[in-house]
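Visitor: I would like to learn how to read a helix and a sheet in a model. Please take them one at a time.

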Amino acid sequence: MMYRRVFLVAVLALIVSALPLSAMAAPPQQDGGEDYVVQSGDTLAELADRFYGDAQAYPAIVEATNQMAATDDSYTAITDAGSIEVGQKLYIPSAEEAAAMSESGMSGMSDTSMEAAMPDVAPVPETAYGPPIDPEKGYFVEEIGDGLYWLTEGVYTLIFLTTGEGVIVVDAPPSIGENILNAIAEVTDEPITHVIYSHSHADHIGAAGLYPEDAAYIAQAETAAQLDRSLNDPDRLMPFGVASGGAPVAPPTVTFDDKYTLEVGDQVLELEYRGVNHEPGNIYVYAPKQKTLMLVDIVFPGWSPFKDLALAEEIPGYIQAHDEALSFDFDTFIGGHLGRPGTREDVETQKEYMLDIQANGAQAIQTVDFFAIAQDVGFANPWLLFDTYFDALAQECSDLTEPEWVDRLGGVDVFTIDHCLKMIESLRLD
Ligand SMILES: [Zn+2]
């Protein structure tokens, strides 16, 4: 359920960016929209595509139909956007009505968390978004080339490779879950024979229990050690994976330290470890024939990294990872997150953003006056003093950075201040 919300929130963000926002917030009027009776084969995404030219705009139809259903029982409220019935009467609002509804909040979706997730934020650049995802399928899968595929549900991404002798799959995000198997079955009859863990985090591998027990499970030695602690610690409050929507996973059966070349059938993947970045054991997965590099939780194509430099454990290593990535000869980049693959340019762009944050963090350390703050706050509560000081540093760094980037990457206004604080801590300590 949690992931359904994440998905819906992502979809909602897409609608808000895709539709022109009217200044008026109003319920649907009968004048602009129209009734529609569901035909065989219809999906909400197809209807949204037909009426608005945007499959992702389907919640407007849900919202409008549910509003009509509240006062007119010839309509049936839509409680599950994945299942509409032939013969069911829907109300298709005009594009203007849809925009007005998105302005007034999607109350018909009756999910207060969705409204709470809609603060006043900068528009997300169109370049941040990937292909539309059919809500009935819940995923999008596409061949990169030569039997290598990428897969997303809109928030997480992974790759799998057909070899002629079995499928190699990298990672298993629980938010995609069973749809990983559905996507693989959509393009090949080959069984999964090899599973690679990019790193140990449960949000990326916690659905690996869906894969065959007799597959080879491959990870860097640090990842294997971390998983050993996570899977076998009797004092854990929750089993590994459960809090991310998954389950405990198979421990690696093959481990390596620096490099591992996996050759299956006519395919090759080169796995490399180049030191701690996001976490110890996080590897570069390189497909030379397809010129594709997968590196998870470092670069977020089209977007700011996730909060706090994507929770990096080692900040200098995290920054360095951008150059390490660029040292591979790749055209396609898979970052493990959000709805589209990246390019070399995406990696270069994020590197530039990171270097700006680094420079602006250093400048803030030079210009923000600790003793002026101490005069205001006093020394009686040192934690309050340092908290005020660090907030001022992060604010200064963010004020310098955000205006330059808010039009270039999605979510810059959401996370820059968190990146600044984390970077400033690293500039002081590392
Ligand atoms: Zn991670």
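This is a predicted model: local features need pLDDT of at least 70, side-chain atom pairs count only at pLDDT 80 or more; totals for chains, interfaces and linings use all residues.

Visitor: Where does α13 bend?

Guide: The bend, about 30°, is at Asp 399. A proline, Pro 403, follows within four residues.

Visitor: Which residues of α13 are buried?

Guide: In an α-helix there are 3.6 residues a turn, so residues three or four places apart point the same way. In α13 the buried residues are Leu 393, Ala 394, Glu 396, Cys 397, Ser 398 and Thr 401. Their cover includes α11 (344–367) and α14 (412–429).

Visitor: Now the sheet. In what order do its seven strands lie?

Guide: The order is β3-β4-β5-β6-β7-β8-β9, in an open sheet with mixed pairing. β3 (140–145) and β9 (254–256) are at the edges with a single partner strand each, so one side of each has no neighbour in the sheet. From one strand to the next, the twist averages 20°.

Visitor: How many bridges join β3 to β4?

Guide: Five, and the two strands run antiparallel. One of the pairs is Phe 140 with Thr 152 in β4.

Visitor: Which strands does helix α8 touch?

Guide: Helix α8 (221–232) packs on the sheet and touches β8 (216–220) and β9. Its direction makes about 105° with that of β8.

Technical notes:
Residues are numbered from 1 along each chain as its sequence is written. The bend at a residue is the angle between axes fitted to the seven residues ending there and the seven starting there. A residue is buried if 20 or more other C-beta atoms lie within 10 Å of its own, exposed if 12 or fewer, and partly exposed in between; C-beta atoms are placed from the backbone. Two residues are in contact if their C-beta atoms, placed from the backbone, lie within 7 Å. Two strands pair if DSSP finds at least two bridges between them. Axes are lines fitted to C-alpha atoms, for helices over the stretch in contact, and angles run from 0 to 180 degrees between N-to-C directions.
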